[in-house]
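Okay, everyone, thanks for coming. Let me put the structure up and then talk you through it.

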Amino acid sequence: MLYLLLFIFASFVVVLYRWRLAPFQRQKKLTRSQENANLVKVLLELDTDSREELFNLYQQQFGKNAARYARNTYQKWKADSVRPNKQTFSRFLISLPRLMSFDLKCEVLRELREAYCPRGEYSVTVSIDDWKPSLTPLVEEIIQRATTVQLPASLQRRLTWLAEDNTAVANALLAESQARESRNAMTLLEKEFSNIEELLDNAPRNTRISHVLKFPLGSIKVNIKRGSEDGR
Amino acid sequence: MGDENDDLIPQRQSLFPLNADDIVDNALQSLDEQQAKEVTKKAADEVVKIAVEKRKAEYRSDRAQEEMRNLISNANLLDEKVDDFKINSTFETATGTTSVEIKKSKTNTTLIIVGVVLIVLLTLLLIFVKW
């Protein structure tokens, strides 16, 4: 009986281990065509105006029929129900960027930065009346990350236009912009925590609060405890 | 002749590799007038965009404050009238999302857990005794 229980326990551990490992193994096995599909998907995350500018440029370069097909299919590319072929990838991410306006190139680069730059994900528990010393260094780290982070070398090797002069300038501009956005968030936090403090002071005792701070290149999950003087 | 000699003088070079600022400076210098104009325009657009986003965030914060006050009054009402309740709420705020869980329960969760563990242990004991 004991052996049976041990066997069931061991099987459970093995299954759990394999199940947890599976997503990482899948990540490693991305084919070139999947990588291309992901890049096209990132490009199609552009806001409506920028996407329209992209399709217009596509039409100018590759003709009305190709543009019509792209417009009709882009939702399917985004939803992964149709995988873009090599020619589509090459048109969108190799040929067009060299012809894009600086503005559009910046927007494409912004999407690529958000999708491919390593993100800072943190989790921290703070007290409502002593949150600043815990959060400030993490926010500063995320701001620093925005100014120093680089797109992966493998991506830079594939998309050679990323090495062009105006792309380097676009990258610096976006880095500064994302750092400013993060600094703004820090100034808005005072008000956020004052709202949360009001909630904790007036809500029933069994109240749990967490807050997820979102930045362009990272996030911080903050679990909030009541003030230490409450003794709770 | 003098010019040729000048060419032979070694240029002073920094011992340190280029840093990110140098790369951007070099890139800026190599842009033509039109490209430089586009960069200036985009930089101005970004400043405006950041200011607009900040205003929107402040608005979200005010709205979240109002919603949180409503939640407090609803939860306090329930607290007075009901023995068991649980409220889960999320608020889109200036800097992200705030999640709130308020619950009240007369049944003691710890007692339930201890009870379940005891039942499992007793069952196992009975099985062992039978074997």
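Predicted model: local features only at pLDDT ≥ 70, side-chain atom pairs only at ≥ 80, totals over all residues.

Residues are numbered from 1 along each chain as its sequence is written, and chains are lettered from A and ligands numbered from 1, in the order in which they are written.

So, chain A. We have nine helices and three strands; those are DSSP runs, H or I of at least four residues for helices and E of at least two for strands, numbered from the N terminus. Going from the N terminus, the order is α-α-α-α-α-α-β-α-α-α-β-β. The radius of gyration of chain A is 24 Å, well over the 17 Å from the globule rule for 232 residues, so the chain is more spread out than a compact globule. That radius is over C-alpha atoms, and the rule is 2.2 Å times the number of residues to the power 0.38. Along the principal axes, the C-alpha trace of chain A spans about 70 × 60 × 30 Å.

Let's zoom in on one residue, Leu57(A), in helix H3 (residues 48-62) of chain A. Is Leu57(A) buried or partly exposed? Partly exposed, with 19 other C-beta atoms within 10 Å; buried takes 20 or more within 10 Å, exposed 12 or fewer, and partly exposed is in between, with C-beta atoms placed from the backbone. Ignoring neighbours within four places in sequence, Leu57(A) contacts Leu96(A), Leu99(A) and Met100(A), where contact is C-beta atoms, placed from the backbone, within 7 Å.

Now the other chain. The contact takes 38 residues from chain B and 35 from chain A. On the chain B side, helix H2 (20-29), helix H3 (33-81) and strand S2 (96-104) each give two or more residues, and H3(B) gives the most, with 18 residues.

Within that, Arg208(A) has Glu101(B) as its bridge partner.

Okay, over to you.

Methods:
Contact = placed C-beta atoms within 7 Å. Pairing = 2+ DSSP bridges.
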